[in-house]
There are 2 protein chains.
Amino acid sequence: MSNGAQALITTLVDSGVRVCFGNPGTSEMHFVAALDSVPQMRGVLCLSEGVVTGAADGYARVTGRPAATLLHLGPGLGNGLANLHNARRAHVPIVNVIGDHATCHKKYDAPLESDIEPLAEWSHGWVRRTESGADVGRDAAEAVAASLSSPARIANLILPADISWDEGAEAAAPITPSSPTGPDPAVVADLAELLRSGQNSVLLVGGPATTARGLAAADRIAAATGARAMVETFPARLTRGAGVPALERIGYLAEQAAFQLDGVENLIVAGTRAPVSFFAYPGKPSDLVPEGATVHHLAGLDTDVVAALEHLADLLGPGTEPRLAPATDVAVPSGELTAQNWVQVIGALLPENAIISDESNTSGILLPTATAGSPRHDVLTLTGGAIGQGLPVAVGAAVAAPDRPVIALQADGSAAYTISALWTMARENLNVTTVLLNNSAYAILKLELSRVGAQAGGPKANDLLDLTRPTMDFAKIAEGFGVPASAATTCEELAAQFAAALAEPGPHLIDARIPALF
Amino acid sequence: MSNGAQALITTLVDSGVRVCFGNPGTSEMHFVAALDSVPQMRGVLCLSEGVVTGAADGYARVTGRPAATLLHLGPGLGNGLANLHNARRAHVPIVNVIGDHATCHKKYDAPLESDIEPLAEWSHGWVRRTESGADVGRDAAEAVAASLSSPARIANLILPADISWDEGAEAAAPITPSSPTGPDPAVVADLAELLRSGQNSVLLVGGPATTARGLAAADRIAAATGARAMVETFPARLTRGAGVPALERIGYLAEQAAFQLDGVENLIVAGTRAPVSFFAYPGKPSDLVPEGATVHHLAGLDTDVVAALEHLADLLGPGTEPRLAPATDVAVPSGELTAQNWVQVIGALLPENAIISDESNTSGILLPTATAGSPRHDVLTLTGGAIGQGLPVAVGAAVAAPDRPVIALQADGSAAYTISALWTMARENLNVTTVLLNNSAYAILKLELSRVGAQAGGPKANDLLDLTRPTMDFAKIAEGFGVPASAATTCEELAAQFAAALAEPGPHLIDARIPALF
């Protein structure tokens, strides 16, 4: 017999949830108190909800399992929405526990009262308001199972304070999540025939197919048929580097994608969708499938995508081996840092088995090339385009994989959104090395200002894309949040500081001053 | 003839909107470009949307006029929701311009696509999606008029990128907002009779009645009848200090309010509602109106509340003068800073005509007493309880009133939410002196943990309310964002640094290290 909060946390733990990223308020005090009665649940405090939800996203990308979040009422959930948007696009499991006023208090329209349901429904996941203490265990078990649907999604459990504090609740048994559908043999056979036809075909993989097994299967298909295998623009987790098939990613800019897909007759998609332009531009198409090309669907996200790829690979060439990227030695360059050379420093020094949280934006355009032959690593990308993701995702990845070095490659403008993530890195002594690409601009927007055809920016327009006056000193900011920091203006400095940061446990930040690419 | 963005901005300017706080993205590039063609609109860049919306709130509290905001798609609006919640509870006008994908691009479900309407509707204001370039001028004029309804509210204009960029739009003429209803003479007469009865009555004022005119009228009513005049717990803008009637505020804690209202037979509300508990607590009532008391409504927020109060005051005692608080000399205390003495430093040194953005939370409990006889000033409070408001509101207040000293009294935990507001203070060289009350705890939650009856916190629970490990160094953080900063541990240091900050133009931050009150 326990109170609702204890029953909830016990059910979450029994269902495999072991971490709760949280920023609690008064209505969550019983949840907070209950943490001490359930030792298997770790509470990780974050200083704003954008960090909470981004950390849960990063944790899920690395483990495949949901973390819980603890959010305070509608405004707390509101603060977390942007990174939930990214998590939704990453198709990861998350269990949000959203505290609400006690049921009897709702009608008084107290100052913090707001409509929670519309915000919870916004990320197109699972939403439940627990109505009584007798339901809280079952609701928690269902939330975990719902988060682990195929595809995975965000489960939102709205928890009134009185449900937390009332005694008499009981934990519920875990619920087995639904499994993905198996591949459709007829579809696989048809696509095998198509791929044998010799037409110009691209196999585009995404979702769960961008880690080693999926990439190997995709590359075997390419090797057996001459088709090209490619990866979606913003994979949730992309395994790459030496010993992993090196699949080209579809470019962010529509112009790049058009170039990459020029002449394609068949576009076969698995675990992703046919590519569309990130934004619309006057007079340019949104659909990036070349005119005349046909889109074929091997497997959607409700299907076991990797199994479908392996089935197709086995049909096409049972003995075909994937072509693994060779290890290459990149020399550390020298001289002033530029948008071109900083990536080579990373490429040269990237440690084995690293996780890169990549929100380097324009500064990182050349990163994939520079790290292609680095030791095997995983890259977590900005799946939904809502900036402020990189540092929180790094927090979650480091909590998920304490034995792996986590490297946050972080643009300056985006960093400012969720900068307090640094504090959680310090508190939890997380092995995160942040390289802050400080070009003192919303460089992407300077590019976009011209791409959308807007009249060449006048002084007021340019001022809104400029991050000088003042230039942020991220080393000072990091130290203020308790993270040891340094600044680098040359490749030599960046290399020395990066190596030193990796060699020492706990978080570090390097404020890398580089000119903007645009 | 102009494009949609130009027509929109011109209409806003013609309707009296002169500042746009923004954090733009690609879909807003034409809006950004158009700023150069409309010189009367000032663009103020903020590094996250919580700063944008909080600044618009602060601007409106000081001017009574809406600022525009520029927000990027659903996630940008999401980031701004918490401070829009506070603005909604402050009943201020704001015009949100929320950029969306081009109309033709929506169906592709691009990575940043999301449902904007549910988020726009969440703050219970006015929502419009502009459907064509021919409508954009009219929609903008209606948005401004809607924001200036009685009560004022948040107007949300969703602006697809193609509406911005298409040529052929025209600005529209301003629309006169609806006026508040006049006071009901019968209600005023009835309440005058009630107040003459000699029963134990409290007149509780809020909304527009908490600045000098409304307070004067309320105090005249009290002086004429022996009733007590009080102010709502979290006024949007409270004028106080020497020369202003000193009305007691209803306390935040239900226990305080119960003590203040004990024995009251009649509670007359004007521009506010009968008080309710901020949160629910097991076994305690949410409704703070004492048993047996009757609530009477003088004027709601759709009514000219100040006129109603003046009408009532004139009926009760045409010659009665308000009782103005005397100026008092507070000595600067000495010794180590405590939660008790830092407020005396502020009280002693508060400059004439200051604006205080008060998010000092538990550290500021004794602030009203210490500043009661300081020179006249305005206090902007945490109306909706969503933390992270104080620094953004200070930004907006300083933009609104460049000739007045703005003082942000800011708790540490709340500061971390929207800390990049410091950067905008630096960029715009705003006269904001931030006193950062650094007690290294969510002290309010330590109090609340016991108040909600939760089992005495174990180590994990207490850890989630603790902001040591590491203690934030806000002076370093401020310098990193470009704001000159210092730290104070004694009253003498705080006094010297506070006086120096006020004497020098531009922003400053003082990291005041004080023990937590709880």
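Helices (H or I, at least four residues) and strands (E, at least two) are taken as DSSP runs, numbered from the N terminus. The model is predicted, and local features need pLDDT of at least 70, side-chain atom pairs count only at pLDDT 80 or more, and totals for chains, interfaces and linings use all residues. Residues are numbered from 1 along each chain as its sequence is written, chains are lettered from A and ligands numbered from 1 in the order in which they are written, and side-chain values use heavy atoms, with hydrogens and water left out.

Salt bridges were assigned where a side-chain nitrogen of Lys or Arg lies within 4 Å of a carboxyl oxygen of Asp or Glu. Over all chains, the structure holds 46 salt bridges. In helix α6 (residues 136-147) of chain A, A:E142 and A:R138 are four residues apart and thus separated by about one helical turn. Their side chains meet in a salt bridge with an N to O distance of 3.7 Å. A:R138 also forms a salt bridge with A:D139, at 2.9 Å from N to O. Accessibility is classed by relative accessible area (buried under 20%, exposed over 50%, partly exposed in between; 1.4 Å probe, protein chains only). A:D139 is buried at 1%, A:R138 is partly exposed at 39%, and A:E142 is partly exposed at 25%.

A further salt bridge joins A:R404 and A:D378, whose closest N and O atoms are 2.8 Å apart. A:R404 lies in the loop between α14 (390-400) and β17 (406-411) of chain A, and A:D378 lies in strand β16 (residues 377-380) of chain A, so the pair ties together parts that are 26 residues apart in sequence. Both A:R404 and A:D378 are buried. Elsewhere, a network of salt bridges links A:D100, A:K106, A:E113, A:E117 and A:R129.

Between chain B and chain A, about 8,300 Å² is buried, 63% of it on carbon and sulfur atoms; buried area is the accessible area (1.4 Å probe) that two parts lose on being put together, summed over both. The contact (heavy atoms within 4.5 Å) takes 99 residues from chain B and 99 residues from chain A. Across this interface the rule finds 10 salt bridges. A:R427 forms a salt bridge with B:D466, with the closest N and O atoms 3.0 Å apart. On the side of chain B that touches chain A, the elements giving two or more residues include α2 (29-34), β3 (42-45), α4 (73-90) and α16 (421-427) of chain B. The largest share of that side, 10 residues, comes from α4(B).

Aromatic pairs were defined for rings of Phe, Tyr and Trp (its six-membered ring) with centres within 6.5 Å; planes under 30 degrees apart count as stacked, over 60 as edge-to-face and the rest as tilted. The search finds 10 aromatic pairs over all chains. The rings of B:F234 and B:Y252 have centres 6.2 Å apart and planes at 65°, so this pair is edge-to-face. B:F234 is in the loop between β10 (228-231) and β11 (238-240) of chain B, and B:Y252 is in the loop between β12 (248-249) and α10 (254-261) of chain B, 18 residues apart. B:F234 is partly exposed at 21% relative accessibility, and B:Y252 is partly exposed at 21%. In chain A, ring pairs link A:F234, A:Y252, A:F278 and A:F279 into a cluster.

Zero disulfides are present over all chains, a disulfide being a pair of cysteine sulfur atoms within 2.5 Å. The sulfur of A:C46 is 9.1 Å from the closest cysteine sulfur, in A:C20, too far for a bond. A:C46 is buried, with a relative accessible area of 0%, whereas A:C104 is partly exposed at 49%.
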